[in-house]
Amino acid sequence: KSFLADYFLDTSILFTQIKKSFIQKNDKVMNKKGTKLFNIGCSDEIYKAILKNQKQMKLISDYRNAKHIFVIQPFYSIHKRVPSFSKILMGEEFVNNVKYIIKKLKNSNFCKDNCLDLSSIFDNTEKGPSAIFENKNSVNYIPKYFVDEVHLTDDGNMIVAEKINEKILSF
């Protein structure tokens with residue numbers, strides 16, 4: 001601790017301030033046996049936690065004279081063009097909760113200037129969202145964007161990286 005303060009005073013002060021903001025106890029979001037972990041009440045807590053984390057990261061960025069961008073990551077199951085036979089399609093409750101959280105984030109004051117919503121970016125591609133488990137017997141190469149619900153393939157990462165690059169260049 002003293003090493004950090006001795007050699008990186010600015011970082012030490014910033015770290016202390018961030019640590020203080022996270023010390024407040026939050027008993028509302030707990031994974032108790034028999035309790036649903038993901039419901040609308042929990043979604044509100046997840047929304048608050050995400051927003052708080054992003055605000056803290058923006059504070060660090062501002063302190064370092066950097067620009068902060070919150071990228072809302074792609075989710076396979078919330079795309080409009082997901083095939084109904086998909087093996088990785090999540091249930092309706094999960095999809096509704098993710099959409100609810102993203103909607104609240106996008107409508108927040110924080111997201112007016114600091115967010116890039118890529119949650120359903122692959123709806124804008126020619127083939128729509130695709131996962132490596134689909135169309136295994138196809139003789140033509142079809143780009144696959146998802147490995148699972150949130151992890152992307154190289155093709156998916158390339159599209160996301162291009163969009164992030166466009167956002168960065170717009171500053």
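Trainee: How many salt bridges does the count come to?

Mentor: This is a predicted model: local features need pLDDT of at least 70, side-chain atom pairs count only at pLDDT 80 or more, and totals for chains, interfaces and linings use all residues. Residues are numbered from 1 along each chain as its sequence is written, and side-chain values use heavy atoms, leaving out hydrogens and water. A salt bridge is a side-chain nitrogen of Lys or Arg within 4 Å of a carboxyl oxygen of Asp or Glu. By this rule the count is 5.

Trainee: In what order do the elements of the protein chain run from the N terminus?

Mentor: Elements are DSSP runs, numbered from the N terminus: helices are H or I with at least four residues, strands are E with at least two. The protein chain has 6 helices and 2 strands. From the N terminus on, the order is α-α-α-β-α-α-β-α.

Trainee: What share of the 171 residues in the protein chain is buried?

Mentor: Buried means under 20% relative accessible area, exposed means over 50%, and partly exposed lies in between (1.4 Å probe, protein chains only). For the 171 residues of the protein chain, the buried share is 35%.

Trainee: Which helix holds both Lys48 and Glu45?

Mentor: Lys48 and Glu45 form a salt bridge, with the closest N and O atoms 3.6 Å apart. Lys48 is partly exposed at 46% relative accessibility, whereas Glu45 is buried at 13%. The two sit 3 residues apart, about one turn, in helix 3.

Trainee: How many residues apart in sequence are the parts tied together by Asp117 and Lys106?

Mentor: The side chains of Asp117 and Lys106 meet in a salt bridge at 3.0 Å, N to O. Asp117 lies in strand 2 and Lys106 in helix 4 (residues 92–107), so the pair ties together parts whose separation in sequence, in residues, is 11.

Trainee: Is the disulfide of Cys111 and Cys115 left-handed or right-handed?

Mentor: A disulfide is a pair of cysteine sulfur atoms within 2.5 Å. Cys111 and Cys115 qualify, at 1.9 Å from S to S, and both are buried. The torsion about their S-S bond is about -65°, so the disulfide is left-handed.

Trainee: What is the relative accessible area of Ser119?

Mentor: Ser119 is in the loop between strand 2 (115–117) and helix 6 (154–169). Beyond its neighbours within four places in sequence, Ser119 has contacts (heavy atoms within 4.5 Å) with residues including Ile72, Phe75 and Ile102. The C-alpha atoms of Ser119 and Ile102 are 8.1 Å apart. Ser119 is buried, with a relative accessible area of 4%.
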